[in-house]
Amino acid sequence: MIFENKRKAALILADGTVFEGKGFGAEGKTVGEIVFTTAMTGYQETLTDSSYCGQIVTQTFPLIGNYGVNNIDPESKTSAVSGYIVREYCEVPSNFRCEGDLDSYLKSFGIIGICDIDTRRLTRIIRESGVMNGAIISGEFDKDELLKEIKAYKVGEVVPKVSVKEKEIFTAENAKYNVVLMDYGYKYNIRRELVKRGCNVTVMPYNATPEEIKAANPDGIMLSNGPGDPADNVGSIQTLRELVSAKIPTFGICLGHQLLALANGAKTEKLKYGHRGGNQPVKDIARDKTYITSQNHGYAVIGDSVPAEVGAVSHINGNDGTCEGVRYTNAPAFTVQFHPEACGGPHDTSYLFDEFINLMEENKA
């Protein structure tokens, strides 16, 4: 169902393309890097995934909002997206878990949205030209002036914007392990997966020092997902470089995967349009099996750049052959580019959390 009285809005791309549509959510103007996600469900989790900080998110699935929103599914306290683009959104959602509608949800976070545009055409432009900056604006605008602002935009160093400011502690019943979760913009389900496996979790800010991390006496360290260019996080990379010698079992996801690779001498690159959605095939080389994974990243570790003396590529993307994981030999550590906590998304790779538990158990022995 679509509102009949929605306000006029426009999406302007850095190449000058203009999409006319209707605004929903908050009003005004927003500029960001435009990306697309192919996920068919989990739009509330997408909106609250801090890895999208600084980006305007396009949903390729044509109908969004039909099951509403609730207070259980968010993956963070707020929404860090710069804007939201959908083909059609549902004004009157219907679901037994529904506690609100998408329009009101966006307004609560000040997120500007646009609908009634051809998201298939937009996605094709991004696939062919690569991710590009753009703006969503309500009402009249000066295109030339707006294009200057769009072209000048940079996502920048965004991890400090989404990380906790002080450590937070979450306890598990009959806890057996203490895990430090480095927050670069972590998704709540990473914490939940650890807690349900008997881990007390101490969430620490992105800029926690090696001494502060060691002082928590962790059995393991979890490196979270997060937004932006991994190479911008110079301080975090240096911290991980110093922690390698401590030989603490470590598991990294997404940005955490990239940061540990950089700390070990590997390199990263920006992908043309990234991997975002719940249907990315990834091969686990050791298991010789391909799994369907949930992903959200615009950068990747260059597989050939991983020094042979520190580790090797463990997972490969089935679509483009990019590095999706690294197992280290210089420390009890492994990392993956995709999201094994996958909420919403496939649960194929949740076994990696069990491997992390086993790694901590072996290290205790």
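Two notes before we go on. This is a predicted model, in which local features need pLDDT of at least 70 and side-chain atom pairs count only at pLDDT 80 or more, while totals for chains, interfaces and linings use all residues. Residues are numbered from 1 along each chain as its sequence is written, and side-chain values use heavy atoms, with hydrogens and water left out. As for the names, helices (H or I, at least four residues) and strands (E, at least two) are DSSP runs numbered from the N terminus; two strands pair if DSSP finds at least two bridges between them.

**Stop 1: the open sheet**

Switch to a cartoon view and find the open sheet of 10 strands. Its order is β10-β12-β11-β13-β14-β19-β18-β17-β15-β16, with mixed pairing. From one strand to the next, the twist averages 25°.

Now pick Thr293, which sits in strand β16. Is Thr293 buried or exposed? Thr293 counts as buried, because its relative accessibility is 1%; buried means under 20% relative accessible area, exposed over 50%, and partly exposed in between, with a 1.4 Å probe and protein chains only. Show the contacts of Thr293 (heavy atoms within 4.5 Å). Leaving aside neighbours within four places in sequence, they include Gly277, Asn279, Phe338 and Pro346. The side chains of Thr293 and Gln295 are also joined by a polar contact of 3.0 Å. A polar contact is a pair of N or O atoms within 3.5 Å; within protein, one must be able to donate a hydrogen and the other to accept it, and residues adjacent in sequence count only if both atoms are side-chain atoms.

**Stop 2: the barrel**

Next, find the closed barrel of 7 strands, which runs β1-β2-β8-β6-β4-β3-β9 with mixed pairing. Neighbouring strands here are turned by 35° against each other on average, direction ignored. Select residues 55-59 (β4) and 83-85 (β6): these strands pair in the parallel sense over 3 bridges. Look for Ile56, which stands opposite Gly83 in β6.

Helix α2 (residues 102-109) lies across β2 (18-25) and β6, running at about 85° to β2. Helix α3 (residues 119-129) lies across several strands, among them β1, β4 and β9, and runs at about 80° to β3. Axes are lines fitted to C-alpha atoms, for helices over the stretch in contact, and angles run from 0 to 180 degrees between N-to-C directions.

**Stop 3: the nonpolar cores**

In soluble globular proteins, nonpolar side chains tend to be buried together. A nonpolar core is a set of buried Ala, Val, Leu, Ile, Met, Phe, Trp, Tyr and Cys residues joined through side-chain atoms within 4.5 Å. The largest one has 44 residues, and Leu11, Tyr84, Ile85 and Leu102 have the most contacts inside it. Strand β1 (residues 7-13) gives the largest share, 5 residues. A second, separate core of 29 residues includes Val180, Ala208, Leu262 and Tyr328.

Zoom in on Ile85. Not counting residues up to four places away in sequence, Ile85 touches residues including Leu11, Ile34, Ile56, Ile114 and Leu122.

**Stop 4: the salt bridges**

Side chains of opposite charge can pair when their charged atoms come close. Counting a side-chain nitrogen of Lys or Arg within 4 Å of a carboxyl oxygen of Asp or Glu, there are 15 salt bridges.

- Select Glu145 and Lys148, whose closest N and O atoms are 3.4 Å apart. They are 3 residues apart in helix α4 (residues 143-152), so about one helical turn separates them. Glu145 is partly exposed at 45%, and Lys148 is exposed at 55%.
- Select Glu341 and Lys187, with closest N and O atoms 3.2 Å apart. Glu341 lies in the loop between β19 and α10 and Lys187 in the loop between β11 and α6, so the pair ties together parts that are 154 residues apart in sequence. Glu341 is buried at 2%, and Lys187 is buried at 5%.
- To finish, select Glu193, Lys196, Arg197 and Asp354, which are linked in a network of salt bridges.
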